[in-house]
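Please open the model in your viewer and keep the sequence panel beside it, so that each selection can be followed in both.

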Amino acid sequence: MEQPGLEQMLDGQRFPVELLSRGLLLLYAPLGLCLFLLRLFIGAHVFLVSCVLPDCAIRRFLVRVMCSVLGVIVSQSGEPDRALKIFVSNHFTFIDHNVLSLLTSCSTPSVSCPPGFLCWARGFLELGAPGSQTQLQESLKHFLSQTGSSPLLLFPEEETTNGRAGLLHFSSWAFSLSDSVQPVALRVSRPLVSVAVPGSPWCVELFWTLFSLYTVYHVRWLLPVYRSPRESDKDFASRVQKLLAHSLGVHGTKHTAADRAEHMKRRRKEPPPRSRHNPPTASTASSHMAQRVKEVLPQVPLSVIHQDLALTGCVDATITNLIEGRVPYEPEAESAGSEAPGCTASNKLIPRGFARRPEDRHLSLQERKEALYDCARRRYLEKYGGVAAAKKKSD
């Protein structure tokens, strides 16, 4: 089955599309603002209680009850295995680690947040200034080797998703710390307002958390998973990702955190909606994506592009399907101005007839694919060369 595209894994807007839901949100807004102000005051007391009391079952119970007043409702099924030192979870929101710490003692390292008061106040484990991945692994191994250290809660996706379509690729470094981990399946729901919007600062997400009537976090502790003999960190991570995805009823994808970052850069470059009163619909977004595919492969009919986009939901996946020949189509005539340099010459070298021998037909197909790859690559670099160069530099 085709893996979902990043468009399906990330929420593009915070507010609902349906008119009825928007009307209900508008009616609720005055109450939501009052709740925000009240909960902001209560939240300060929750923070003080968390700072004063030591980490124990009593503190976790009190803070969990107070968080329910803040609209953060936490439920769980199963139990954490306290003999294990590594918990791995899918990633929804900026407070996932705080929610799980209400259920059991655990620490989450600050991967990107610089050390300081803000890092400590948000509940992260401070390990000094963020360095290389190797330095992070060594610091975590040293932390686990200390007597009485709490288990580590890690998010191998390294970025958040909406949790409805798929999981990001699991980074293998998190699985190099131990030969046994306990997966944690996390589900989050909230009425009227999206749970998280990519690129939104944590303080903005905090506002919407306190503004919303409630946000439900359901934590499901899965059975521990142990490394097989001679199993690499990468294979171990992939196996746990598939198990966790199956438990959540979603796909385990190959999209990485870097792919997500590049996708967000492209999204920011897209034109804004034409009007406040005429927001972009699903068909408008599909037409925009189809136009992007058409710019790279102008010989492909728009109807074919729309059909494949409806299945993949991803521009890159559709381009790959068309170039690989997975989607049959009758090429359209291209205008001279739309052809990239070298495309015409490359296409003229491709045999158009039906060869007699299977070997010749296979060679002809390979030549066509190579020519299409070359042409599409040039078009893609001309259109999105800056993003591709930035990604190559980061790799």
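**The whole chain**

This is a predicted model, in which local features need pLDDT of at least 70 and side-chain atom pairs count only at pLDDT 80 or more, while totals for chains, interfaces and linings use all residues. Residues are numbered from 1 along each chain as its sequence is written, and side-chain values use heavy atoms, with hydrogens and water left out.

Begin with a cartoon of the chain, which has 14 helices and 8 strands (DSSP runs numbered from the N terminus, helices being H or I of at least four residues and strands E of at least two). Of its 395 residues, 43% count as buried (buried is under 20% relative accessible area, exposed over 50% and partly exposed in between, with a 1.4 Å probe and protein chains only). Among contacts with a separation of 6 or more, 73% are made by residues 24 or more positions apart (a contact is heavy atoms within 4.5 Å).

**Salt bridges**

The whole structure holds 9 salt bridges (a side-chain nitrogen of Lys or Arg within 4 Å of a carboxyl oxygen of Asp or Glu). Select Arg-164 and Asp-11, whose side chains meet in one of them at 2.5 Å, N to O. Arg-164 sits in the loop between strand S3 (152-154) and strand S4 (166-167) and Asp-11 in the loop between helix H1 (6-9) and H2, so this pair ties together parts 153 residues apart in sequence. Arg-164 is exposed, at 58% relative accessible area, whereas Asp-11 is buried, at 11%.

Because Arg-260 belongs to helix H9 (residues 257-269) and Glu-159 to the loop between S3 and S4, the pair ties together parts 101 residues apart in sequence. Here Arg-260 is buried, with a relative accessible area of 7%, and Glu-159 is partly exposed, at 30%.

**Asp-96**

Now select Asp-96, in helix H4 (residues 96-101). Asp-96 is buried yet has no salt bridge, and the nearest side chain of opposite charge, that of Arg-190, is 9.0 Å away (Lys and Arg count as positive, Asp and Glu as negative, with His and the chain ends not counted). Show the backbone nitrogen of Phe-92, which lies 2.5 Å from a polar atom of the Asp-96 side chain. Beyond its neighbours within four places in sequence, Asp-96 is in contact with Asn-90, His-91, Phe-155, Leu-186 and Tyr-217.

**Cys-56**

Cys-56 is found in the loop between helix H2 (19-52) and helix H3 (57-69), and it is partly exposed at 27% relative accessibility. Its C-alpha atom is separated by 9.8 Å from that of Leu-102, 46 residues apart along the chain.

Finally, colour helix H11 (residues 302-312), where Val-304, Ile-305, Asp-308, Leu-309 and Thr-312 are buried. Seen down the axis of H11, these buried residues fall within an arc of 130°, so they line one face of the helix (the arc is that of the directions from the helix axis to the C-beta atoms). The face turned away from that buried side carries the exposed residues Gln-307 and Ala-310. H11 is followed by Gly-313, with a positive phi near 65°.

In helix H12 (residues 315-324), the buried residues include Val-315, Thr-318 and Ile-319. Just after H12, Gly-325 takes a positive phi of about 85°.

Notes. Polar contact = N/O pair within 3.5 Å; in protein donor to acceptor, adjacent residues only side chain to side chain.
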